[in-house]
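Try each one before reading its solution.

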Amino acid sequence: MGKVIIIGAGGVATVAAVKVAKNMDVFGEIMIASRTRSKCDAIVKSIGNPHIRTAQVDADHVDELVKLFNEFKPDLVMNLALPYQDLTIMDACLQAGVNYLDTANYEPRDEAHFEYSWQWAYKKRFEAAGLTAILGCGFDPGVSGIYTAYAAKHHFDEIRYLDIVDCNAGNHHKAFATNFNPEINIREITQKGRYYLDGKWIQTGALEIHKALTYPNIGPRESYLMYHEELESLTKNFPTIKQARFWMTFGQEYLTHLRVIQDIGMARIDPIEYNGQKIVPLQFLKAVLPNPQDLGANYEGETSIGCRIRGLKDGKERTYYIYNNCSHRAAYEETGMQGVSYTTGVPAMIGARMFMLGLWHKPGVWNVEEFNPDPFMEELNKQGLPWHEVFNGDLEL
Ligand code: NDP
């Protein structure tokens with residue numbers, strides 16, 4: 001049994017904490033630490049386990065983190081704060097001798113730029129310290145990489161075409177809201193698109209390429225090609241891939257709001273002068289948008305996220321589609337959070353479980369697809385995110 005510290009107290013952290021508390025066979029002691037301690041206390045109250053400890057920490061400061069780690073002595077930190085904190089938390093892990101897991105790659109605050117180089121640069125130091133860092137262990141990135149690794153291990157000799165398809169067919173009955181941290185979400189969606197083809201990255205306009213794709217139990221939904229961080233690690237770790245793309249669905253209403261937000265300058269991430277103080281428009285917007293944590297109560301419908309893969313097995317071409325559908329209502333009933341927080345928090349807990357059991361334990365810095373996918377896939381079925389496979393169907397792509 002191991003000690004785990006969860007950093008962050010948002011939607012994803014709440015789901016992960018609920019799930020960690022249901023897996024006490026491997027998690028001996030739990031602490032939730034975040035910028036606002038009252039939010040950690042509220043999570044503990046909702047779980048109803050007074051033995052879970054809480055603490056206040058500003059994860060932008062390595063010294064505060066090291067002090068906390070030295071006091072609590074966790075085996076693993078689950079970084080479920082924001083991507084801005086990835087490097088400070090990794091630095092603190094090295095100083096205090098703690099293993100690391102996150103769900104999103106590091107982003108500098110002043111530029112919406114997605115790449116693993118900053119975190120991969122820690123590989124030798126984690127290796128030398130005998131510590132494991134597990135990167136990108138949510139759904140996408142996360143399960144999308146594990147599905148790919150599972151397909152490569154069991155169903156293909158060569159994966160050639162990979163399309164990750166992410167549909168949220170839920171309705172939260174708000175005019176506009178994001179399903180996870182609005183600042184991080186809008187930075188991601190408004191950047192230029194990019195996909196991998198024959199060893200090169202092809203850039204597109206933001207949400208320029210789109211087509212209707214059919215999702216199981218949902219039907220056709222307009223799906224937009226975007227850049228997503230796991231494309232970088234998957235094309236590196238599975239070099240037979242010729243083409244890798246990522247698609248996400250958006251409704252017309254959502255896109256109209258997004259366009260207006262951009263047109264009026266509210267998506268800007270550079271500080272502006274307002275009434276004698278500096279504010280970042282996107283951060284101000286976050287403060288007035290609905291909190292993703294409050295969407296669950298009226299959320300209907302489901303998400304469907306999967307990988308559509310084409311490649312070779314025994315010299316013959318094969319297609320393969322593996323996916324999970326997650327009901328917002330069921331997620332809410334179990335954890336008090338909507339499906340997007342659920343599909344991220346559950347894999348984070350499973351990754352931590354894999355680590356505690358010694359199944360995903362290797363010094364260095366790794367993306368999830370570099371570990372054995374089999375025990376993780378088994379847990380997905382047990383922990384609320386069952387998966388389904390379709391062989392040789394029409395991938396539409
Ligand atoms: P939220 O904004 O709901 O929660 C973030 C939490 O981190 C808040 O509790 C916040 O504190 C805390 N936090 C922020 N800055 C600091 C800091 N400096 N020190 C300590 N705590 C801090 O985000 P979500 O729960 O929606 O998302 C969490 C993470 O999950 C994000 O990194 C997101 O990118 C990632 N994600 C990954 C997905 C995947 O599939 N891989 C999908 C969805 C999200 P406070 O409450 O005080 O603001």
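**Exercise 1.** Leaving aside its neighbours within four places in sequence, which residues is Y122 in contact with? Then work out whether Y122 is buried or exposed.

*Solution.* Keep in mind that this is a predicted model.
- Start by finding Y122 in the loop between α5 (117–120) and α6 (123–129).
- With the sequence neighbours within four places set aside, the contacts of Y122 are M90, A133 and V365.
- Next, count C-beta atoms: Y122 has 23 others within 10 Å. The cut-off for buried is 20 or more, so Y122 is buried.
- As a distance check, take E317, which sits 195 residues from Y122 along the chain: their C-alpha atoms are 39 Å apart.

**Exercise 2.** Find how many residues of helix α1 (residues 11–21) are buried, and what they pack against.

*Solution.* 
- Go along the helix and you'll get G11, V12, A13, T14, V15, A16, A17, V18, K19 and V20 as buried.
- That's 10 of the 11 residues, so α1 is largely enclosed by the rest of the structure.
- The packing partners of these buried residues include the strands β1 (2–7), β2 (27–34) and β4 (76–79). Helices α2 (37–47), α12 (328–335) and α13 (339–356) are also among them.

**Exercise 3.** Describe how helix α8 (residues 182–189) packs with helix α11 (residues 281–288).

*Solution.* 
- Get the geometry: the angle is about 125°, and the axes are 9 Å apart. So α8 is oblique to α11.
- For handedness, α8 passes α11 in a right-handed crossing.
- Now list the contact: P182, E183 and I186 from α8, with L282, Q283, L285 and K286 from α11.
- Sorted by type, the contact residues give 4 nonpolar, 1 polar and 2 charged.

How values were computed
Residues are numbered from 1 along each chain as its sequence is written. This is a predicted model: local features need pLDDT of at least 70, side-chain atom pairs count only at pLDDT 80 or more; totals for chains, interfaces and linings use all residues. A residue is buried if 20 or more other C-beta atoms lie within 10 Å of its own, exposed if 12 or fewer, and partly exposed in between; C-beta atoms are placed from the backbone. Helices (H or I, at least four residues) and strands (E, at least two) are DSSP runs, numbered from the N terminus. Two residues are in contact if their C-beta atoms, placed from the backbone, lie within 7 Å. Axes are lines fitted to C-alpha atoms, for helices over the stretch in contact, and angles run from 0 to 180 degrees between N-to-C directions. Angles under 35 degrees count as roughly parallel, over 145 as roughly antiparallel, 65 to 115 as roughly perpendicular and the rest as oblique. A crossing is left-handed if the near helix is turned anticlockwise from the far one by less than a right angle, and right-handed if clockwise. Ala, Val, Leu, Ile, Met, Phe, Trp, Tyr, Cys and Pro count as nonpolar, Asp, Glu, Lys and Arg as charged, and the others, Gly among them, as polar.
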